[in-house]
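Please look over the sequence and the model below before reading on.

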Amino acid sequence: MKIDGTHYRSIWPHADGGWVEIIDQTRLPYEFGVLPLSAMEDAAHAIRVMQVRGAPLIGATAAYGMALAMRADPSDANLHEALQVLGATRPTAVNLRWALEGMRGLLAPLPPGRRAGAAWGRAGEICDEDVEINRSIGRNGLALIRKIAERKGGGRVNLLTHCNAGWLATVDWGTATAPVYLAHEEGIDIHVWVDETRPRNQGALTAWELGHHGVPHTYIADNAGGHLMQHGMVDLVITGTDRVAANGDVANKIGTYLKALAAHDNGVPFYVALPSPTIDWSVEKGADIPIEERGTDEVEKVQGRGADGALASVTVTPPGSPAANPAFDVTPARLVTGLITERGVAAATREGLRGLFPELAA
C-alpha cells in the first residue's frame, strides 16, 4: 500500500541482501520509521515487543528470522535454537508456528551449506504468497460490500472494524481492510468506523493507514460500536483474526467478542477475514487456543503526543491498583456470519472450512 504516494510493504529485504527492514509499528501513528533486522535475535525482539504485529506479518518475520539465523550459523544446533527462540515470542498467532514448521521441514533435510539460501528464498516466497492471498481476500470481501451498496442504491456503506487487520498486520493489503481498499478504488462510497482498540490502540494504526490511502473513516472509542449498531449506523463488521479453530471459533484482539455480541443482537453481519495459514486444524475449538497475557504496563500506561509534539507515556491507573492484560478473546462460531478467505466466503463451521480447504483439513 502507499504512504504519501510511496509504495511500502511492512517487511522487505534490503537491496544489499544482508538484512531485512521493517516499519517500526511501536512509533506509529505519530512517527514513521524503518528498522533493520540483521540477526535472528532482532527478528525475535521485533515480534515480542510488537514492532511487527498481526498474525501474517509475525509469520513472515519469523521466516526471515530463520534465514538470518542460517546465514550466521547453518548448523543443526543453531537451527534448533532459532526455532525455539522465535517460537517462544508470541503464543496465540498460529502463523508463527506455521512459518517455523515450514522452515523446519525445508531446512532440516538440507546440508548446512544450502540452508541459508533456501531459507532466504522461502521467506521471500512467504511474503509474496501473503500479498496474493490478501488480494484474493479483498476480492471476496468486496463482493459483500458491493451487495450492500447496491441494496442501499449507491448510498454509503458503513463498515466497523476492530484492532488493525490492515496492511501493517500483513505483508501488504491486509485482511479485513483489503475489501475496503478495493471498494474505495472501485468508487464505492465506503466509510469505516475504527475502534480505538485499547490497550495498545491499534485502531490508530488502522486510521493512519486509511488516512494515508484516502479512505473516509472515523476513530471511535471501543464501547461506541454497540451504540452505532443500535442506531443503524453499521452495515457490516469485518475483523481479522490470529487463529481460527477447526470448528470456526475465532481468536482475535481482546474486545472482538463484544463486537460480535452487539452485531448479533442488532442483526449486523459479522465477518472475519483470514488467510488459510491462520486456520489451526489441530485445535478443535476456540477454548483450546492459548490466550497471551501481556505485561500490565500496556494497560496502566498510554502513549501519545503532547502539546509540544513530543511522544510521551502517561499512567492512567490509580497508584496501587492491580491490572490484567489478556491480549485476545475467542468469538464463538455461532456469532460469525462468515469467514472471508482467499478461496471464498466459508460458513464458520468445520464443514464450511473443509469445503474450501479439503487438502488442508485432511
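The buried residues of α3 pack against α1 (40-48), α2 (55-72), α4 (94-107) and α5 (112-151), where packing rests on contact, that is, heavy atoms within 4.5 Å, and where helices (H or I, at least four residues) and strands (E, at least two) are DSSP runs numbered from the N terminus. The model is a predicted one, in which local features need pLDDT of at least 70 and side-chain atom pairs count only at pLDDT 80 or more, while totals for chains, interfaces and linings use all residues. Residues are numbered from 1 along each chain as its sequence is written, and side-chain values use heavy atoms, with hydrogens and water left out.

The residues of α3 that are buried are N78, L79, A82, L83 and L86, buried meaning under 20% relative accessible area, exposed over 50% and partly exposed in between, with a 1.4 Å probe and protein chains only. Seen down the axis of α3, these buried residues fall within an arc of 140°, taken from the directions from the helix axis to the C-beta atoms, so they line one face of the helix. An α-helix has 3.6 residues a turn, so residues three or four places apart point the same way. On the other side of α3, D76 and A77 are exposed.

Turning to the backbone, most residues other than glycine have a negative phi, and most peptide bonds are trans. The peptide bond from L28 to P29 is cis, with omega near 5°, and P29 lies in the loop between β4 (20-23) and β5 (34-37). Another cis peptide bond joins R198 and P199, with omega about 10°, in the loop between β7 (190-195) and α7 (203-213) where P199 is placed. That loop also holds T197, whose phi is positive, near 65°, and which is buried with a relative accessible area of 0%. M50, in the loop between α1 and α2, has a positive phi of about 70° although it is not a glycine, and M50 counts as buried at 4% relative accessibility.
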